[in-house]
Amino acid sequence: MARITIRLGDDLFERVLDQAVTLGTTPSGYIRDVLERFEGNDPAGYHARFDELHATAIQTLAILAKSVGVRAPAILEEGLGEARRLLRERGLLDPEQDRP
């Protein structure tokens, strides 16, 4: 089995120790478990839960946008403009997509 050495800040190290004790495992076992889940090897783990939340948010926002668009198209356009601004500020909007 390969080995890796990592340095953790004191606060993070204490959280890892506490979590390992709570789960009845070793600190290295806990960290292995976190890495397995984070890397997507756990079908019911981190990525699956995140994907479910993401899908629910998209569905909810699509329904809301449709409703607002029917009742107040100008407000929808204003909201989409604001969303583009926020995405642009965070570097999450491809320049090709950055148009009204």
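How many salt bridges does the count come to by the rule used here? The count comes to two, where a salt bridge is a side-chain nitrogen of Lys or Arg within 4 Å of a carboxyl oxygen of Asp or Glu.

1. Some ground rules. This is a predicted model, in which local features need pLDDT of at least 70 and side-chain atom pairs count only at pLDDT 80 or more, while totals for chains, interfaces and linings use all residues. Residues are numbered from 1 along each chain as its sequence is written, and side-chain values use heavy atoms, with hydrogens and water left out.

2. Helix α4 covers residues 73-89; helices here are DSSP runs (H or I, at least four residues; strands are E, at least two), numbered from the N terminus. The expected span of a helix is 1.5 Å times one less than its number of residues. For the 17 residues of α4 that gives 24 Å, and the end C-alpha atoms are 24 Å apart, so the two agree. After α4 comes G91, with a positive phi near 70°.

3. The first pair. R85 forms a salt bridge with E82, and their closest N and O atoms are 2.4 Å apart. Because R85 and E82 are three residues apart in helix α4, about one helical turn separates them. An α-helix has 3.6 residues a turn, so residues three or four places apart point the same way.

4. The second pair. E89 forms a salt bridge with R85, with 2.3 Å between the closest N and O atoms. E89 and R85 are four residues apart in helix α4, so they too are separated by about one helical turn. Through shared partners, the salt bridges join E82, R85 and E89 into one network.

5. Buried or exposed? The scale is relative accessible area: buried means under 20%, exposed over 50%, and partly exposed in between (1.4 Å probe, protein chains only). R85 counts as partly exposed because its relative accessibility is 31%. E82 is partly exposed as well, at 37%, whereas E89 is exposed, at 54%.

6. Beyond α4. E96 sits in the segment after α4. With a relative accessible area of 59%, E96 is exposed. Between E96 and V21 there are 75 residues of separation in sequence and 49 Å in space, C-alpha to C-alpha.

7. Helix α1. Now turn to α1, which covers residues 10-23. Its 14 residues should span 20 Å, and the end C-alpha atoms are 20 Å apart, so expectation and model agree. G24 follows α1 and has a positive phi, near 70°.

8. How α1 meets α2. Two packed helices are described by the angle between their axes and the distance between the axes. Axes are lines fitted to C-alpha atoms, for helices over the stretch in contact, and angles run from 0 to 180 degrees between N-to-C directions. Helix α2 (residues 27-38) packs with α1 at an angle of about 95°, the axes being 8 Å apart. The two are therefore roughly perpendicular (65 to 115 degrees; under 35 is roughly parallel, over 145 roughly antiparallel and the rest oblique).

9. Who takes part. From α1, V16, L17, Q19, A20 and L23 meet P27, Y30 and I31 of α2, contact meaning heavy atoms within 4.5 Å. By class, this contact has seven nonpolar, one polar and no charged residues. Ala, Val, Leu, Ile, Met, Phe, Trp, Tyr, Cys and Pro count as nonpolar, Asp, Glu, Lys and Arg as charged, and the others, Gly among them, as polar.

10. Two residues to look up. Q19 is partly exposed at 32%, and Q19 and Y30 are eleven residues apart in sequence and 7.6 Å apart in space, C-alpha to C-alpha. P27, in helix α2, is partly exposed at 31%. Leaving aside neighbours within four places in sequence, P27 is in contact with V16, L17 and A20.
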